[in-house]
Amino acid sequence: MQSSTIRQLFLDYFSSKDHLVMPSFSLIPQNDPTLLLIGAGMAPLKPYFTGEKKPPHPRVVTCQKCIRTPDIDRVGHTGRHATFFEMLGNFSFGDYFKEEAIYWAWDLVLNGYRLPLERLWVSIYKDDEEAFKIWNEEIGVPADRIARLGKEDNFWEIGLGPCGPCSEIYYDLGEEAGCGKPGCAVGCDCDRYLEIWNLVFTQFSREASGELVELKQKNIDTGAGLERLAMALQGVHSLYDIDIVKPLYEHFQGIADQSRGNQQVPLRIVTEHSRGTTFMIADGVIPSNEGRGYVLRRLLRRAVRFGKLLGIGGNFLTDAVSLVADIMGETYPQLNERHNYIRQVVKLEEEKFQETLAQGMDILDGYLEKMQEDGNEVFPGDIAFKLYDTYGFPLDLTAEITAEKGIEIDREAFEDHLKQQQERGRAAARISGGDELAEKYRDVEQLSTEFTGYHTLEQEARLLKALVDGQFRPGIKKGDQVELVLDKTPFYAEAGGQVGDTGEIRSAQGLIVKVEDTFYSPWGQIIHRGKVQEGRASVGDTVTAKVEDLRRRGITRSHTATHILHRALRNCLGDHVNQAGSLVAPDRLRFDFNHFAGLTTEELLTIEKEANQVILLNLQVEASITTLDKAKEIGATAIFDDKYEADAVRMVSTGDYTQELCGGTHVSATGEIGLFKIVAEEGIGSGLRRIEASVGMNSYKKTVDREEVVKNIANSLNTSENRLQEKFDEFLAESKTQAKALKELKQKIAALEVKSLLDAVEEVDGAKVLSATVAVDSIDSLRLVMDEVKNSLGSVAVVLGAVADGKVILVGAVTKDLVKRGLQANAIIKEVARRVGGGGGGKPDLAQAGGKDPSALPDALKTVKDLVRDQLKSAG
């Protein structure tokens, strides 16, 4: 039974039992800070179990994609452990309980999946007499096939709160899959007894006293691993042999260096991790050094390392994305929809790690060799940190490699070095100008400046300190280049991407200072830099500080627009988008964000349209002071790190559209922004994009300028602006006509090529067979020749090869009548590809492949006739 059938049968069965079928949730938990990733079918439904939310139906059934990493070290070493898997589950929120859950599970296993009764076993919690009675007396499972297991295996609980006993259904894979030990039975850690379904009966609450209290509302949470069910139903002993995993395994096996000894474990690891990484990226996870991004990076880099051990070169994980999408894309369409994006993310990470992997491994191997010679068993934390910081080795990857040699890592020393680096970074951020800059402003360290510019642009203040040409002075006079510190100011100092204010500082005695910039000292005081235009003043004098109104208005328009742009980007591209930098200026804005693909024209138009729609709604923009925890609970956007005070943060809300932690200045309503126009979008680094935009009158001017360009183009084409599209379409049609003529010419050339090939057609057991080398330079041209062969012969099994750019390319086809006789193009071409040092695949009627050894191509093609004969013979 195919995995797709197993999945659908489960959903259909429980749908017939009045369960609401819900689609798989994202691997990224929604509003659940306790989880990095979804690791069980019940995880996205937790609010329904806790009563936080009302479920859409009291009975639910899902097939949930999951990621779990606690057993990552066992992946590849057993046939059943995986980091990515699909969990089939039926759930009851205070509706049915044990009897129905057990009966339906047994009925589906026996009568739906038709698993043989003699291979099925059951386990219960050792003290759950109710479950034993249902299994034994009502279902009829003999007592000697019901294993009683302890709390560790068959009682589910996480701290205080809801918990309960479990009951599991096992499938016996046979003695050949077991450990061979005399005591091997249900509960043994070998591969023989495969747990295929776990039924959790949430009937108790664990109190602080340790007492178990019966719950009024009892729930059911079950989980049946799709891959494990497939193992049982497809008669295999490993998940790597089931229909949705085996093609991947064989793909990597085909491109691995066969001379490198036992390859099963590394092949399994690369296969398994390629599935998990593809799904994680599709759901919006991005490689990083923390959180779920670290999990992804660890899987990717672990796979790269084991791929190198297999002798696989190039971007092999990037290429595997397409195969995962081919296998799973029908069930999970986002794999196809985000196919190019996923490939780009994997490619960037793969290439980034490959650049440092060899050098890092040389260092690691050198230290391990010396340690073994010296008899040391603890790997230095500083070296582990160097591998992490310089060569991109996740700590867990280094630990795994050292463990293979029986050596542990000094994790405490590693953490110390990591903390020291973080502290150095924070110190550098606090004193961005270094020691010299800090010393310059040492005399203002104990002063404080009150910022009043959120509500006023003019403020009476006292002059606290004055620097003239970098030196503190008791007074200032006309012509001095000055830096002034006031006790209060409406001037915003450059921060958070927003440029500093400009304006004037005056006094009743005739002082006029033109303020050209405003910024923070290393100690947090606001510094006003400018030139004295008129008069003089002394420290302690009263002055009036006035911000340049029109410029500030432009800045506030740009700043609120960045918040709207940020939300529009997340709505369009996904929640993985986060701000990586910005510039908020009076005439323009720049927004840097993490994303691994250039934005399409359609995406940019969608984002721009949404931003302008929000502006036209004239939403109120309000700032409030709240706690960091409350801001997180509300869903405010920010980089949540230690730069925020936990008990007081400033949150700027644009209606209900977006909330961000921000200290900048903003418009009072979005309508003040005016026209929002995206000017440019570009890549600025690995996984980083930049959008530049304009607002207000500047956008209007750019629109007028573009209209002028359109007008000039229309004039150049001797047409009107209204007919410009029509004129362009005419040019496009002409271009297509020429392209069509070129294609027809290639087909004619292919037809001429075919005439010379037809003499080589042979007949094998009544089937026409053709295998030949063709002089073409691309896979597309090779396919054209193959299509002409099929059209000419009607019924044929054909394999054609060519050499392009020093590599072998292969295509194969079997007409439908011969497929019915048992011929399979994918199997034939896979064997031919193997003989030229490559691999490939496809479908029974159409396949393609590549190889590394052009010299072996003629002999490889000669085997096609025998391969066809063997397939026909096997098919009977």
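This is a predicted model: local features need pLDDT of at least 70, side-chain atom pairs count only at pLDDT 80 or more; totals for chains, interfaces and linings use all residues.
Is Glu137 buried or exposed in this structure? Glu137 is exposed, because its relative accessible area is 56%, and exposed means over 50%.

**Figure 1. The whole protein has 26 helices and 35 strands.** The chain has 876 residues, and 49% of them count as buried. If you draw a box along the principal axes, the C-alpha atoms fill roughly 110 × 85 × 65 Å.

**Figure 2. Four glutamates form a patch of negative charge on the surface.** Look for Glu99, Glu100, Glu137 and Glu138, which gather here. Two helices contribute: helix 3 (98–112) and helix 4 (129–139) each supply at least two residues of the negative patch. Glu137, the residue from the opening question, is found in helix 4.

**Figure 3. Phe84 and Phe279 form a stacked pair of aromatic rings.** A search of the whole structure finds 26 aromatic pairs. In the pair shown here, the ring centres of Phe84 and Phe279 are 4.3 Å apart and the planes meet at 20 degrees, so the pair is stacked. The two partners come from distant parts of the chain, 195 residues apart: Phe84 is in strand 3 (residues 84–93) and Phe279 is in helix 8 (residues 264–282).

**Figure 4. Tyr240 and Tyr249 form a tilted pair.** A pair of aromatic rings is described by two values, the distance of the centres and the angle of the planes. For Tyr240 and Tyr249, the centres are 6.3 Å apart and the planes are at 50 degrees, so this pair is tilted. Both tyrosines are buried.

**Figure 5. Six aromatic residues are joined into a cluster.** Ring pairs make the links between Phe10, Tyr13, Phe14, Tyr96, Trp104 and Trp197.

Figure 6. Met697 lies in helix 20, which runs over residues 696–716. Why is Met697 called exposed? Met697 has 64% relative accessibility, so Met697 counts as exposed.

**Figure 7. Gly360 is a buried residue in helix 12.** Helix 12 spans residues 339–374. The relative accessible area of Gly360 is 0%, and therefore Gly360 is buried. How many residues separate Gly360 from Thr390 in sequence? They are 30 residues apart in sequence, while their C-alpha atoms are 8.4 Å apart in space.

**Figure 8. Glu744 is partly exposed in helix 21.** You will find Glu744 in the helix that covers residues 724–757. Glu744 counts as partly exposed because its relative accessibility is 38%. Where does Thr502 lie relative to Glu744? From C-alpha to C-alpha, Glu744 and Thr502 are 67 Å apart in space, and in sequence 242 residues separate them.

Technical notes:
Residues are numbered from 1 along each chain as its sequence is written. Side-chain values use heavy atoms; hydrogens and water are left out. Helices (H or I, at least four residues) and strands (E, at least two) are DSSP runs, numbered from the N terminus. Buried means under 20% relative accessible area, exposed over 50%, partly exposed in between (1.4 Å probe, protein chains only). Patches are made of residues with over 30% relative accessible area and no salt bridge: like charges are joined within 9 Å, nonpolar side chains (Val, Leu, Ile, Met, Phe, Trp, Tyr) within 5 Å. Accessible areas come from the Shrake-Rupley method with a 1.4 Å probe; for residues, only the protein chains shown count as cover. A salt bridge is a side-chain nitrogen of Lys or Arg within 4 Å of a carboxyl oxygen of Asp or Glu. Lys and Arg count as positive and Asp and Glu as negative; His and the chain ends are not counted. The place of a charge is taken as NZ of Lys, CZ of Arg, CG of Asp or CD of Glu. Rings of Phe, Tyr and Trp (its six-membered ring) pair if their centres lie within 6.5 Å; planes under 30 degrees apart count as stacked, over 60 as edge-to-face and the rest as tilted.
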